[in-house]
Amino acid sequence: MSAPLDLDQLQSFCAIADCGSFTEAARRVNKTQSAVSMQIKRLEERLGHPLLTRDGRGVHLTNHGETLYARARRMLRLNAEIMDLFSDGDLSGSIRFGVPDDYAVKLLPVILSSFQRTHPRIVVDVRCQPSEELLEGMKSGKYDLIVFSQGTSHEYGELFRTERMFWVASHGGQALSQDPLPIAGGINCCWKENAVEALNRIGRDYRIAYTSSNAIAISSAVLTDLAVSFLPESAIQPGMRVISEDKSLPRLRDAQIALMRASHAYGGIYDALANHIVDSMGNLEGEDRLVQRAEAAE
């Protein structure tokens with residue numbers, strides 16, 4: 001029988017894959033760069049295949065590295081779960097958490113306040129940024145956990161909720177009847193890319209009337225009738241008019257909401273927060289009724 005793989009080596013391997021750098025990975029796992037390099041060398045010798053390649057832009061996974069990565073993550077997660085089963089200590093510590101501000105206005109205060117009541121010894125440091133910036137921040141080691149919106153080029157993370165996307169406008173406003181259609185959206189936003197693609201597909205003329213990385217600013221542009229926009233059901237604000245599909249606007253792709261962890265963020269305090277977020281957002285109710293009421297009011 002073959003001896004089991006070294007979890008410490010797998011931890012270092014995943015850290016390198018996440019950040020694309022031996023130097024940064026060594027910092028994350030509290031080892032010297034030479035020690036991490038030796039770990040990877042031994043892991044590659046053990047498996048009989050190269051796992052990483054280096055070029056001028058950083059370190060990348062080989063095909064065999066890609067095959068190992070997801071399985072290594074599962075082993076690290078299972079190890080953390082086993083350790084938690086035999087741990088008697090209270091959960092305490094700090095977590096660096098990132099979330100798009102699309103969800104910060106309505107959902108985040110409720111979710112985090114209930115988490116702090118049940119886990120008073122866990123400190124959550126929150127930063128709200130667009131999904132693209134959160135993904136870059138995760139790569140550079142700024143976060144332990146992030147929630148982000150998956151786009152066509154980001155089919156990774158732990159997908160835990162799919163929501164319908166809606167066109168929204170101001171009640172009683174005129175933006176919807178304008179030609180070209182004024183739209184408001186984020187910077188480097190996969191939702192805006194989807195909306196523009198859908199409008200082009202049906203030949204609807206439009207102009208980008210308002211662009212911001214701030215979700216509140218986008219909502220304000222809608223509520224003050226500067227433009228129409230597009231939001232997932234859980235981000236729809238009071239006072240917004242949901243546009244039904246008979247208004248010459250195309251159906252949008254559903255929004256996919258995912259959670260991503262740093263390679264060390266399994267078990268303990270990290271699972272406590274991750275599970276709370278997934279349970280809270282995954283079991284949201286009432287938004288369909290909100291949409292139905294808004295459509296009925298048109």
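Visitor: In what kind of link do the side chains of Asp254 and Arg251 meet?

Guide: Before I answer, please keep in mind that this is a predicted model, in which local features need pLDDT of at least 70 and side-chain atom pairs count only at pLDDT 80 or more, whereas totals for chains, interfaces and linings use all residues. Residues are numbered from 1 along each chain as its sequence is written, and side-chain values use heavy atoms, with hydrogens and water left out.

Guide: As for the link, a salt bridge is defined as a side-chain nitrogen of Lys or Arg within 4 Å of a carboxyl oxygen of Asp or Glu. The side chains of Asp254 and Arg251 meet in such a salt bridge, with 3.8 Å from N to O.

Visitor: How many salt bridges does the count come to by this rule, and which residues are linked in a network of them?

Guide: The count comes to 14 salt bridges, and a network of them links Arg77, Glu81, Glu158, Arg261 and Asp271. A helix here is a DSSP run of H or I with at least four residues, a strand is a run of E with at least two, and both are numbered from the N terminus.

Visitor: Is Glu24 buried or exposed?

Guide: The general idea is to look at relative accessible area: under 20% is buried, over 50% is exposed, and anything in between is partly exposed, using a 1.4 Å probe and protein chains only. Glu24 has 18% relative accessibility, so it counts as buried, whereas Glu81, at 36%, counts as partly exposed. For the chain as a whole, buried residues make up 48% of the 298 residues.

Visitor: What does Arg73 touch, leaving aside its neighbours within four places in sequence?

Guide: A contact means heavy atoms within 4.5 Å, and by that rule Arg73 is in contact with Cys14, Asp18, Arg261, Ala262, Ser263 and Tyr266. Arg73 lies in helix H4 and is buried, with a relative accessible area of 11%. A polar atom of the Arg73 side chain lies 3.0 Å from the backbone oxygen of Arg261.

Visitor: Which residues form a nonpolar patch on the surface?

Guide: Patches are made of residues with over 30% relative accessible area and no salt bridge, where like charges are joined within 9 Å and nonpolar side chains (Val, Leu, Ile, Met, Phe, Trp, Tyr) within 5 Å. Here Leu78, Ile82, Leu85 and Phe86 form one, with about 480 Å² of accessible area together, and such areas come from the Shrake-Rupley method with a 1.4 Å probe, counting for residues only the protein chains shown as cover. Phe86 is found in the loop between helix H4 (63-85) and strand S3 (93-99), and its relative accessible area of 69% makes it exposed.

Visitor: How many aromatic pairs does the structure hold?

Guide: Rings of Phe, Tyr and Trp (its six-membered ring) pair if their centres lie within 6.5 Å, and planes under 30 degrees apart count as stacked, over 60 as edge-to-face and the rest as tilted. The structure holds one aromatic pair: Trp167 and Phe230 are edge-to-face, 5.8 Å centre to centre, with 85° between the planes. The pair links distant parts of the chain, with Trp167 in strand S7 (residues 165-170) and Phe230 in strand S10 (residues 229-232), 63 residues apart. Both Trp167 and Phe230 are buried.

Visitor: Which peptide bond is cis, and where is Asn188?

Guide: Most residues other than glycine have a negative phi, and most peptide bonds are trans. The peptide bond from Asp179 to Pro180 is cis, with omega near 0°, and Pro180 is found in the loop between S7 and strand S8 (181-185). Asn188 has a positive phi, near 50°, and its place is in the loop between S8 and helix H8 (190-202).

Definitions and conventions. A polar contact is a pair of N or O atoms within 3.5 Å; within protein, one must be able to donate a hydrogen and the other to accept it, and residues adjacent in sequence count only if both atoms are side-chain atoms.
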